[in-house]
Each structure stands twice: as structure tokens, then as C-alpha cells.
Amino acid sequence: MSITENYKLNLIQWYPGHIAKAERQLKEQLKLVDVVLEVRDARIPLSTNHPQVSEWIGDKARILVMNRLDMISSPARELWTDYFRANNEVPIFTNAKQGKGVNGVAKAAQSAGSAVNQRRKERGMLPRAIRAVVIGYPNVGKSALINRLLGKRVVQSAARPGVTRALRWVRISKELQLLDAPGVIPLKLDNQEAALKLAICDDIGEASYDNQKVAAAFVDLVGEMQENASEVLPENPFLSRYKLESTAYTGEEYIYALAEHKYQGDVERSARAILTDYRKGNLGQFPLEVPESVNSEQLAVSS
């Protein structure tokens, strides 16, 4: 039984109008782009993979950026690196807030776009700046990445989804221009387990979900990962943070027990605390996904 079956399907439903508009605009602008920087959340690389990106970009060069490197463990990073390389992709891990890995993204974009100017040269044309677009789900760190590439804050970013509302070209250097695009999510969030992980990581709007249900499902998800992929998790993250063991409870029971233990019976406060603590790294550094082909024995070897 999947985590979401415990909490009924359609736990999360969200598709605001500005996202639909942004998707239409993005598809138009992609005609002008040489290179696509697809930014994903390193905690949930598969759940932040927009299913239509490959269709949209066609044969354009694509660079896979795994942001929030600081929020996953080293064994998890190694597993995902191996997974993507086995699928002929080389992920660039970044911490856009601190600038880690960002220079590698700029170099990769210019390198990937160099074929454009080679073709222009062959036609007797002068070189031009490579045009890249930064795309991904809301709140995965696209604007923070652009600001780091620029070395100054010119693109608004915030710790909530949907801040970027319009497409905007930003000149990084003489060699590189970037299009900052609003976050886009699929028209339908049919995969409720992926939607749940997006909610836990704050990668979709809060209006789309119930904090208590999502927090309860998160506790259950961590319990499953402790059984199947313990090497990428810290030991007893809930016990370490709240001095209350979680393994004796279902997720729903735990948020009620934690409310009594720490928050004067306030269940909503308990749920919000759990989600906020994970998002801030207060429960430790760990992903919510590992490659499906990986089992515990493989994890033990890689750790």
C-alpha cells in the first residue's frame, strides 16, 4: 500500500491560473532558446521531473541541475549521480543560496551552447550570446540560481512557491543570457505520491494541501525509508529533534502524540513544526526518494 492510500487520493490538488499562463508563455519562448537548465529539488529528483519537459525542449541541449545539495546526505548524492549517469545524464549539484556548484552550471551552459556559434561561424555570421532558460517546479531555487550566476540580486526569490510570475530575460555576461521563468507543474497531479513529496518540500502552494495530513504522511514516509533505505537517513530524526520516538506510532498518531508532548495539544502546530523542521534541515539531511532500482544492500555498499 502506498503512503497516499492511507490518506485517500486527491490529497493535493493545485493548478493556479498563473501557472497555466506561464506554461503557454514558456513554450513560446523556448523557440528562442539554445540551452535548457532544468532545476530539480535534490531531495526529490523524480518528483520534480516535469513529465513534459523532454517534449517541450525536443533536441535542444539540456543541463540537469540538482539544487539544495546541502539538504541531502553524501550517500544519497552518490546514488543519484550513479543513477543519472546510467541514464546518460550528468547532474550538476548546487546550493544556489550559497553559490556552491553555480560556476559549473554557467560553464556547462556556455559549453552546451557553443554549437550555436559554431554554426553561425560556418555561415559567416558573428557570434552572439547563448540563450538559456531556467525551468522547473515552483520554489526549487531557479531565481536563487540566476542571482548567483549574476553575482547580485536582480531576480526576486522567496521561500514560497510562485513568486516569479512573468518571464524575463537577464544578461549574465556577454556570452550568456538567461530567461527566468515561473515555476510550472503538470496540468494534473495524477501521481499523488509525487504531489505529497512536493508538498512536504514546499515545492507547491500551501493552499493545495492539509498540513496535518501531509505531516502525518511524511512521518510514515520516513518510517518506510528507515526500513528500506536507512543509510541515506540520519538515525531517529524525530527522536533526536523532539525527544519522542516515532516508530511506535502511525504518522497520524505521531502528530497527535507530539502535540501533547510538546505543543499543548495543538495538532496543527505540531504538523507545521514537523514540516518546517524538515524544510529547514532541522531533522537532518536526507532525501525523500532514492532510485527505485536501489535496495538496502546496495545502499550499504555505497555508504
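How many of the nine residues of helix α6 (residues 192–200) are buried? Here are some friendly notes, starting with that helix.

1. Eight of the nine residues of α6 are buried, so this helix is largely enclosed by the rest of the structure. Buried here means under 20% relative accessible area, with exposed over 50% and partly exposed in between (1.4 Å probe, protein chains only). Helices are DSSP runs of H or I with at least four residues, strands are runs of E with at least two, and both are numbered from the N terminus. The buried set in α6 is Q192, A194, A195, L196, K197, L198, A199 and I200. Just after the helix, D202 takes a positive phi of about 65 degrees.

2. A word on the basis of these notes: this is a predicted model, in which local features need pLDDT of at least 70 and side-chain atom pairs count only at pLDDT 80 or more, while totals for chains, interfaces and linings use all residues. Residues are numbered from 1 along each chain as its sequence is written, and side-chain values use heavy atoms, with hydrogens and water left out.

3. The buried residues of α6 pack against α7 and α10, where contact means heavy atoms within 4.5 Å. With α7, the meeting residues are L196, K197, A199 and I200 on the α6 side and V214, A217, F218 and L221 on the α7 side. The two axes come within 10 Å and cross at roughly 105 degrees. That makes α6 roughly perpendicular to α7, a class that covers 65 to 115 degrees (under 35 is roughly parallel, over 145 roughly antiparallel, and the rest oblique). Axes are lines fitted to C-alpha atoms, for helices over the stretch in contact, and angles run from 0 to 180 degrees between N-to-C directions.

4. Helix α7 has 18 residues and reaches 25 Å from its first C-alpha to its last, close to the 26 Å expected at 1.5 Å a residue. The expected span is 1.5 Å times one less than the number of residues. Its buried residues, among them N211, D220 and M225, pack against α6, α8, α9 and α10.

5. The largest nonpolar core has 76 residues, and those with the most contacts inside it are I200, F218, F238, I274 and L288. Such a core is a set of buried Ala, Val, Leu, Ile, Met, Phe, Trp, Tyr and Cys residues joined through side-chain atoms within 4.5 Å. α7 gives the most to this core, with nine residues. Leaving aside neighbours within four places in sequence, I274 is in contact with F218, V219, F238, Y242, Y254, I255, L258 and L283. A second, separate core of 14 residues includes L30, V53, I57 and V133.

6. For α9 (residues 251–262), the twelve residues should span 16 Å, and the end C-alpha atoms are 16 Å apart, which agrees. G251, Y254, I255, A257, L258 and A259 are the buried residues of α9; what covers them includes α7, α8 (237–242) and α10 (267–279).

7. Two single residues deserve a look. N95, in the loop between β3 (92–94) and α4 (102–122), counts as buried at 6% relative accessibility. Q29, in helix α1 (residues 17–29), is partly exposed, with a relative accessible area of 25%. Beyond its neighbours within four places in sequence, Q29 is in contact with L167, W169 and L179.
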